[in-house]
Each structure stands twice: as C-alpha cells, then as structure tokens.
Amino acid sequence: MNPLAPDWLAEPDDANDLAAGVWPDTIRRTKKGELSVGGMKASALAERYGTPVLVLDELHVRERAERTRRAFETAAARHGGSARVYYAGKAFLTSEVARWMLAAGLNIDVCSRGELETALAADVPAERIGFHGNNKSVSELERAIGVGLGTIVVDSPIEVERISAIAERLGTSQRVLVRVRSGVHADTHDFLATAHEDQKFGFSLEEAESAVARIRELPSVEFVGLHCHIGSQIFGVSGFRESASRVLELHERLLGGGPVPLLNLGGGFGIAYTRADTPAEIEALADGIVDAVANECAARGIDMPELAFEPGRSIIGSAGITLYEVGTTKPVVVDTGDGSAERLYVAVDGGMSDNVRPALYGAQYSARIASRTSEAPAALVRVVGMHCESGDIVVDNEYLPGDVVPGDLVAVASTGAYSAAMASNYNHVPRPAVVAVRDGEARVILRGETIDDLLARDPGLVR
Ligand SMILES: *Cc1c(COP(=O)(O)O)cnc(C)c1O
C-alpha cells in the first residue's frame, strides 16, 4: 500500500483487471492480453484513428437508453401513471447519438442553439425536444418556438415575457415548464438541504407560483408543469425523494388554478468512475423515485402527473473509454512527513483538452494498460496530460503495472459523458475523434480535428 494513495483506492491483486460496472459492457482482454471493445482491438483503433481517441460502445449506450426508458415507464405504470425519458444532450450529442436515442424511444433535451440544431438536423421531431437554460437568447427562442418545440423550461420572469411575445408574433402557443429550486442541493454522494439556494438556475418555490400565475394570463404560453433538477452524479434516491416532496406541495397548490399535467424531476443519476463508486441500478432508482412521487400524491389526494426524467451521464458515461499513448514516465519521490514514497507520473498525449473534469471538479477516473497485460508489481500512478498546467490530470490516483513504458496504450474508463462534450483547444491541441464500435466494426461519429482546422480559424494565416 503506497501511503500517497487515497483511502478509497485499494492496491489491486491484479492491476490488469477490469472493475465491474466501471468499463463498457463489451470490453474484453484478448488472448494476447490486449483490450478490445465492441470487438475492436485497442491497437487497431489507435492505428486507424490515432490517439487520443474516444471510443463509444454503441450497444452499451443503446441498451442503457432502452433500459432507462423501460425502468421509468414500468415504475410509473405500477401506479397507473406514465413517464417519459429525455436524453440530456449536453452529456454528448451527435446526430448518431440522437438517432440511437430516438430508436430507444427517448426524447432529447438541449440547452443551446448548437445542440438544438444538431437534434433538428438529425431529424429528431421538434415535439420530442425539450429546451433548457438560464439565458436562452431571443434568437434561440425564436428558432425553438418557430419549429414547434415540445417544451421549453423557463428559467426567469424575463424569459416568460420573451416567449410570450415571440409565440404571439408567430401566431402560435408554446408549452412551458417552470424550473424550480427545491432547496435540495445534491452533491456527489449525498444531499444536504439548504434554505437558500444561491445559484443561477430557476425560480424559488415562492417565485414559481407567481411565474405560473403570470403564464396562465398569457394566451400564447401554455403552462404544463414544474421542472426540478437537483444536481449530477447522485447515487441514492433520498435527494430526489425530498425534492419531489417539496415540489409536489407547490404542484398541488397550482392545481387550484388549472391543470398541471407534467412533472419533470431532471437527471443526475450517478455512474461508477472507480470501483469505489457504487451507484444503484436504474430500475431501483426509478422505482424509488416514482414510488416516492406516488406516495406523496396519494397522501395529498391528487392524481400523479405524467413524469419526465432527463438523464445524460447514466446513459452514455460508462459506454466510453479514451485511448491514449504513453509518451514519458517519471518517478517522483514525495516527502510523506514520516519518510518518503514514490508516485509514478505517466504522461499521455492528451489531457485537460479532451477531458477537463479532473481539472474542473477533481473528478476521479480509472485506467488500465490497453495494449498488453503485465505481471509487474502494481505501482501507484498519476496519469497526466501534455498541457502546460500542473492540474492537467487525466487519472489522479490509480495502480498500474509498474513496468508501464512509453508506447503503451492506456485506456481511461467512463469518459462517454462530459469529456468530448466539454473538450477545448487549449494549447492549440486538436480535439480527438469519437468512434462508435460495435460487432467488430468502428466508425467515426465525430471527426477529430486537424492542425489545419485550427489554423483555418486564423484569418492572419494565408495558406
Ligand atoms: C445536466 C442536466 C441534466 C443531466 O444530468 P446528468 O447528470 O448527465 O444525468 C438533466 N437536466 C438538467 C436540467 C441538466 O442541467
């Protein structure tokens, strides 16, 4: 046990093993010890697409999408109700991903013009799209209302008036949800109730009541229900249960002024980034949340509204791995106070430009050597990138075989959500390709950038 290792990271018996629940469904070790996913060997993917490359297990994504929809529909049906699932496109959206979601019977949530246009260009029917965001521009709203978007989640009084004016001008009526802050603040593993939510999204429960009253006066805006999203990477149902109870109190009051057919409880279901993470199965979450809503409605003597959920990470996160090539390794001796210990820094050919979550949130990940197995004793490593920041960490804490060397391929798990979606060109690094793999075939679903792409943005460069 290396004293520099965090408590949650046990030294593995085998630093080649693939922790259950952390890696894509179809990941395997070949007979020669190499990783394969979707029937494609890591070396073949690296050779064809270069590194880094983000590899998505298509069947894993489709299965999770389907399973999530079924879990919520089944849970709601047990109470005589119904539920619909939106895929939160901000986790990662391309036309291909949008088609997978449609095929699995999901709707799509977008939060910007770019996401909206991607969904529309992928032929997602407008009525199956929801639109979020605290500062949607007038032109974004014009586009959304113009195409007849299913629902817009309103976030401020100013936006209510904007939607009304645009819908009136276009001679249409727009369905809206009102986003509320339930006062339940979820963090990674737990939630804590706060009286005041000092953040930018939504209306307080009190403000929401007057916002709904105002919407009900407007002929071109149709109020369809409340919306609440308590956070992300949440493991249990308790935060959702508490939030649903507070929101349903307002929901009941609003029934006095007209119908409230829908209740959207957001997304945020957690996934395992490391073997220390133990998220509940989606069926257990769906049952727990929907049962809580049904009980609360029964206690209040009201009908259960149609429910909506909008997970992103839990559908696509675990389906993705990023393959990197090791460029250098460097043992660093660290003073521990009562001696010294060594951490092996393993530098790879990407970093915070293709996955900013470790730098942004201190997010933890898991890694394995992808190109081979090794019997060498495990060493505590920190996988780092090639950017000019010491916070440019890819995997903060992991044990890898101690003989990891330049030229090895390293796979990082659970990079399907919020890595490609948040990628940047920091240090003028081109963003990597995203490749879908399935049944021994691979195809690009998001082209990698080239240096020429970067130079093309600079009008001072005549080429
Ligand atoms: C980010 C977000 C989601 C999706 O969160 P996940 O953690 O990816 O499930 C859903 N709804 C809203 C409003 C969001 O902002």
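Q: Why does E58 count as buried?
A: Buried is the word for a residue under 20% relative accessible area, exposed for one over 50%, and partly exposed for one in between, using a 1.4 Å probe and protein chains only. E58 has 3% relative accessibility, which is under 20%, and therefore counts as buried. The model is predicted, so local features need pLDDT of at least 70 and side-chain atom pairs count only at pLDDT 80 or more, while totals for chains, interfaces and linings use all residues. Residues are numbered from 1 along each chain as its sequence is written, and side-chain values use heavy atoms, with hydrogens and water left out.

Q: How do you know which helix holds E58?
A: Helices (H or I, at least four residues) and strands (E, at least two) are DSSP runs that are numbered from the N terminus. E58 falls in the run at residues 58–77, which is helix α2.

Q: What makes the pair E58 and R438 a polar contact?
A: A polar contact is a pair of N or O atoms within 3.5 Å; within protein, one atom must be able to donate a hydrogen and the other to accept it, and residues adjacent in sequence count only if both atoms are side-chain atoms. The side chains of E58 and R438 come to 3.0 Å, which is within 3.5 Å, and therefore the pair is called a polar contact.

Q: Which residues does E58 contact, leaving aside its neighbours within four places in sequence?
A: Contact means heavy atoms within 4.5 Å, and by that test E58 is in contact with W100, A436, V437, R438 and R443. W100 is itself one of the buried residues of helix α3 (residues 95–103), along with E96, V97, A98, M101 and L102.

Q: How do you know which residues surround the ligand?
A: A residue is near a molecule or strand if one of its heavy atoms lies within 4 Å of it. The shell found in this way has 14 residues, the closest being K90, S232, E310, R313 and Y418.

Q: What makes up this shell, class by class?
A: Ala, Val, Leu, Ile, Met, Phe, Trp, Tyr, Cys and Pro count as nonpolar, Asp, Glu, Lys and Arg as charged, and the others, Gly among them, as polar. Sorted by these rules, the shell has 3 nonpolar, 7 polar and 4 charged residues.

Q: Why are G312 and Y418 called buried?
A: G312 has a relative accessible area of 5% and Y418 has one of 11%, so each value falls under the 20% limit. G312 sits in the loop between β15 (306–309) and α10 (313–316), whereas Y418 belongs to the loop between β21 (409–412) and β22 (434–438). An unreviewed UniProt entry lists both under "binding site", together with G268, E310, P311 and R313; UniProt positions are given in the numbering used here, feature names are shortened, and annotations may be inferred rather than shown by experiment.

Q: Why does K90 count as partly exposed?
A: K90 has 40% relative accessibility, a value between 20% and 50%, and therefore counts as partly exposed. K90 lies in the loop between β5 (83–88) and α3, and its contacts beyond four places in sequence are C111, E115, Y418 and A421. The unreviewed UniProt entry lists K90 as "modified residue: N6-(pyridoxal phosphate)lysine".

Q: What makes D123 and D439 exposed?
A: D123 stands at 62% relative accessibility and D439 at 57%, so both are over 50%. Each is a residue other than glycine with a positive phi, near 65 degrees for D123 and near 50 degrees for D439.
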